[in-house]
Amino acid sequence: MADVQTLSPAVARRTALAAQGFADPRPAGEPTRRHLGRVLSRVQLLQLDSVNVAVRAHYAPLFARLGAYPTDLVDDAAWSHSRQRPRLLVECWAHEASLVPVADWPLLRAVKRKRMWYHYGELIDSSPALVEDVLAAVKELGPVGAGTLERELGGGTPRPRGSWWNRSDVKRVCEGLFALGQLSTGTRHNFERRYDLTERVLPPEMVAMEVSEQTAARELVARAALAHGVATEPDLRDYYRLRPELSRQAVAELVESGVLEPVQVRGWRHQAYRHVSARTPRRVTGRALLCPFDPLIWERDRTERLFGFHYRIEIYVPEPKRVHGYYVFPFLLDGELVARVDLKTDRRARVLRVQGAFAEPGVDQARVAVELVEELRHMAEWLGVAGVAVGERGDLAGALRALVRD
């Protein structure tokens, strides 16, 4: 067996940043559908989340990589369809609820089916009449929100051929049918999911495609490896939340086929693997604000290994116990995480509020503040608010306030 190459943490970090698209320059003009496709080829998926304190989670990773872009690019790719502009993305369970390329839907159905049946199978089996009514109502009314279905099937004016159902049961059945692939998201309105029959959302060949768990896991681990550049098996497993036995087998098969190369990274406890096409730039330059659900940082142990950056989301921490804030964006500058800012878009006052700003130990705070203010102004303009307002919390707050006033 050939000697296993040892990588320095700096090389691993630059490899990971390049894999995530941070070695690519931002577009000179307004980003297009082609630029969206390029980012998706790097990150593979966009996580969805209901929190909208600063910006929806699925929009933020694209801003981090492309700069200001029309969010209609994502909306059109995910929730509209025509012969001229076919749907690029579809919602399903991946890392969490996510937008994934349409071609990946059969793979995720194959690896998630058993787990989702464990969560929803008893409900589906015990409520055949409700399942039938939900599917019939969606076929007739879809794309349709759960609230409308609840009114149709659980109260208000009852459907002539249906029964009255508990509203929470209707919602749970909708979620179960979505998780199992019988329903999909036809569109969204004000972020409310509008259910439709999967056969009306996806191409027929995608719906009909059957893939074994092992094949699907191997394909998904290969995609995760592309998105990571270099990673441990638990890192790769976490990207699509695969079962350990599927992930380990997939990694072994990808090593045997030459897609993954075993390497060691100094300071990492676990064996690492580098994708055969991963590249390591000499330098990574530029800046980006990373939302808590950015795929570069969502695996917190990996973030600490790559950047020496201890990061925890504090949404569920009582306010007096929060260290940095409710919705904190790490700030990436020239390949390092150098600061963190607690952000809120105040749409009524039309400002992007910096509720706290904190520098990492040992950084050049003057330079970090200048670069961070420019990125915050860029974000405020993208969000359609008039400017940036800086609060009192954090050791960077004073420098940011002074720069904002200038």
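Modeller: Welcome! This is a predicted model, where local features need pLDDT of at least 70, side-chain atom pairs count only at pLDDT 80 or more, and totals for chains, interfaces and linings use all residues. Residues are numbered from 1 along each chain as its sequence is written, and side-chain values use heavy atoms, leaving out hydrogens and water.

Colleague: Why is Cys-92 too far from Cys-174 for a bond?

Modeller: A disulfide is a pair of cysteine sulfur atoms within 2.5 Å. The sulfur of Cys-92 has its closest cysteine sulfur in Cys-174, 17 Å away, so that is too far for a bond. A search of the whole structure finds zero disulfides.

Colleague: Why is Cys-92 called buried?

Modeller: Buried means under 20% relative accessible area, exposed over 50%, and partly exposed in between, using a 1.4 Å probe and protein chains only. Cys-92 has 8% relative accessibility, so Cys-92 counts as buried. Cys-174 is buried too, because its relative accessible area is 0%.

Colleague: What makes β11 and β15 the edge strands?

Modeller: Two strands pair if DSSP finds at least two bridges between them; strands are DSSP runs of E, at least two residues long, numbered from the N terminus. The open sheet has five strands in the order β11-β12-β13-β14-β15, with mixed pairing. Both β11 (287–289) and β15 (387–393) pair on one side only.

Colleague: How do you know that β11 pairs with β12?

Modeller: Three bridges join β11 to β12 (residues 328–333), and the two run antiparallel. Against the cut-off of at least two bridges, they therefore pair. Ala-288, for one, has Leu-332 in β12 as its bridge partner.

Note on methods:
Helix = DSSP H or I, 4+ residues; strand = E, 2+ residues; numbered from the N terminus.
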